[in-house]
Structures are given as structure tokens and as C-alpha cells.
Amino acid sequence: MVDDDRGEGDAFVYDEASGEWISAVDAAAKGDPAGDAVVVRDAVGNVLADGDQVTLIKDLTVKGAGQTLKRGTLIKAIRLTGDAQEIDCRFDGIKGLVLRAEFVKKR
């Protein structure tokens with residue numbers, strides 16, 4: 001066994017992005033949790049967050065519900081998904097409503 005100056009010994013972790021085994025020290029330096037956050041912006045460029053209220057800027061026909069959400073409809077307590085263009089929300093009578101961020105404006 002070779003003595004390592006870094007004090008980590010032979011600790012290696014698998015890096016899924018590169019597909020290679022890298023040292024634990026390099027993985028810790030590479031891993032930036034703030035860099036992985038997805039920024040979701042509404043139609044006018046405001047940053048959206050979980051729990052925000054948004055207003056629709058366009059009439060939207062909801063597939064499968066047979067209902068149209070009118071412009072100006074208030075959607076409360078949105079939840080962000082992993083996608084930068086989709087937000088998850090609830091509306092009366094519609095379960096599992098996912099809206100595109102380009103059709104909403106932060107209130």
C-alpha cells in the first residue's frame with residue numbers, strides 16, 4: 001500500500017458524469033450542490049420557487065380534463081419539477097396539472 005499525502009488513503013468514488021473512478025478528494029472538490037440547482041423562470045424572466053403564486057398569461061386547454069383555464073387564473077402553491085420549463089400545481093377539479101413556465105407570470 002502506498003502512503004497518500006492527501007490523507008484519504010485509497011478512497012475512490014465512481015463519477016457518473018465522466019464514467020470514471022476518481023479519488024474522493026477530487027469528487028468532493030468537484031461536487032458543488034448549488035451548481036446542480038435548476039433555475040425556473042416565468043414568461044417575463046422572474047425566478048420561480050416552490051410555493052409561489054402564478055397567474056396564467058394565456059388561455060390553456062387542459063388535455064384529458066375537457067376544461068379551459070382562462071387568462072388571469074390564479075394558481076397557488078406551485079411545486080418545481082426537475083425540468084426548467086415545467087411546474088407542478090393543483091387546480092380545482094384537475095389532478096396532476098403540469099404547466100409550462102412560459103405561460104405563467106409570478107404574482
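This is a predicted model: local features need pLDDT of at least 70, side-chain atom pairs count only at pLDDT 80 or more; totals for chains, interfaces and linings use all residues.

Colleague: Why is Phe 12 called partly exposed?

Modeller: Phe 12 has a relative accessibility of 49%. Buried means under 20% and exposed means over 50%, with partly exposed in between, so at 49% Phe 12 counts as partly exposed. Phe 12 lies in strand β1, residues 12–15.

Colleague: Which residues make the nonpolar surface patch?

Modeller: Phe 12, Tyr 14 and Trp 21 make it, over about 400 Å². A patch residue needs over 30% relative accessible area, and Phe 12 is at 49%.

Colleague: How do you know that β5 and β12 pair?

Modeller: Two strands pair if there are at least two bridges between them. Strand β5 (residues 54–56) and β12 have three bridges, in the antiparallel sense, so they count as a pair. Val 54, for example, has Lys 106 in β12 as its bridge partner. The open sheet runs in the order β8-β5-β12, and its edge strands, β8 (74–75) and β12 (104–106), each pair on one side only.

Colleague: What makes β9 and β11 edge strands in the other open sheet?

Modeller: That antiparallel sheet has the order β9-β10-β11. β9 (79–80) and β11 (94–100) each have a single partner strand, so one side of each is without a neighbour in the sheet.

Colleague: And how many bridges join β10 and β11?

Modeller: Five, in the antiparallel sense, with β10 spanning residues 86–91. At least two are needed, so β10 and β11 count as paired.

Notes: Residues are numbered from 1 along each chain as its sequence is written. Side-chain values use heavy atoms; hydrogens and water are left out. Patches are made of residues with over 30% relative accessible area and no salt bridge: like charges are joined within 9 Å, nonpolar side chains (Val, Leu, Ile, Met, Phe, Trp, Tyr) within 5 Å. Accessible areas come from the Shrake-Rupley method with a 1.4 Å probe; for residues, only the protein chains shown count as cover. A salt bridge is a side-chain nitrogen of Lys or Arg within 4 Å of a carboxyl oxygen of Asp or Glu. Helices (H or I, at least four residues) and strands (E, at least two) are DSSP runs, numbered from the N terminus. Buried means under 20% relative accessible area, exposed over 50%, partly exposed in between (1.4 Å probe, protein chains only).
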